[in-house]
Amino acid sequence: MAIAQMNWGRMRFPLNDPRMVEFADALEDVFRLAECHKGFIWRIPDIAAEQQLGALGYDDCTSATVSVWDSVDALKDYTFETRHGTFLKRAKEWFETVDGPQLVLWDTEDTDQPTFQEAFDRLKHLQEHGDTSHAFGWPR
């Protein structure tokens, strides 16, 4: 058993805007850090992410990631205790405040490769029903 996650946000400016340069320049390193982190299994590759998000009607100011991890603890460690966490603390510089959850988790198999369609469906379920076995936020 593994854990899948999707996090998303609405950027204040397009990624190529000069006000986004620090964030944009760090993306490749932050993704590489995730892929090398203990417990990481898989994430939707950048080109596929762009295609899937576009097909779902999201524009280039939507930033989102779907990944699979061997445990919630491994995901939490990466999220909060690495360079990613440093950028997360500064999210208001680059991201708008949105209504509802920006993270959804669900149990999955370690061989699964979830899509953004599945992830946004689970996010909607979380928003409508709160934490359930189908979709949940950070465990307390």
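Colleague: What pattern does the protein follow, read along the sequence?

Modeller: The pattern is β-α-β-α-β-α-α-α-β-α. This is a predicted model. Six helices and four strands make up that order. The radius of gyration is 14 Å, close to the 14 Å that the globule rule gives for 140 residues, so the protein is as compact as a globular protein of that length. The C-alpha trace spans about 40 × 30 × 30 Å along the principal axes.

Colleague: Which sequence separations do the contacts join?

Modeller: Take contacts between residues at least 6 apart in sequence. Of these, 80% join residues at least 24 apart.

Colleague: What share of the 140 residues is buried?

Modeller: Buried means under 20% relative accessible area. Here 41% of the residues qualify. The accessible surface comes to about 8100 Å², and carbon and sulfur atoms hold 50% of it.

Colleague: Which residues of helix H3 are buried?

Modeller: H3 covers residues 72-81, and its buried residues are Val 72, Ala 74, Leu 75, Tyr 78 and Thr 79. They lie on the same side of H3, because their arc around the axis is only 165°.

Colleague: What does the face turned away from the buried side carry?

Modeller: That face of H3 carries Asp 73 and Glu 81, both exposed.

Colleague: How many side chains are positive and how many negative?

Modeller: The protein has 14 positive and 25 negative side chains. The centres of the two sets lie 6 Å apart.

Technical notes:
Residues are numbered from 1 along each chain as its sequence is written. This is a predicted model: local features need pLDDT of at least 70, side-chain atom pairs count only at pLDDT 80 or more; totals for chains, interfaces and linings use all residues. Side-chain values use heavy atoms; hydrogens and water are left out. Helices (H or I, at least four residues) and strands (E, at least two) are DSSP runs, numbered from the N terminus. The radius of gyration is taken over C-alpha atoms; the globule rule is 2.2 Å times the number of residues to the power 0.38. Buried means under 20% relative accessible area, exposed over 50%, partly exposed in between (1.4 Å probe, protein chains only). Contact means heavy atoms within 4.5 Å. Accessible areas come from the Shrake-Rupley method with a 1.4 Å probe; for residues, only the protein chains shown count as cover. Lys and Arg count as positive and Asp and Glu as negative; His and the chain ends are not counted. The place of a charge is taken as NZ of Lys, CZ of Arg, CG of Asp or CD of Glu. The arc is that of the directions from the helix axis to the C-beta atoms.
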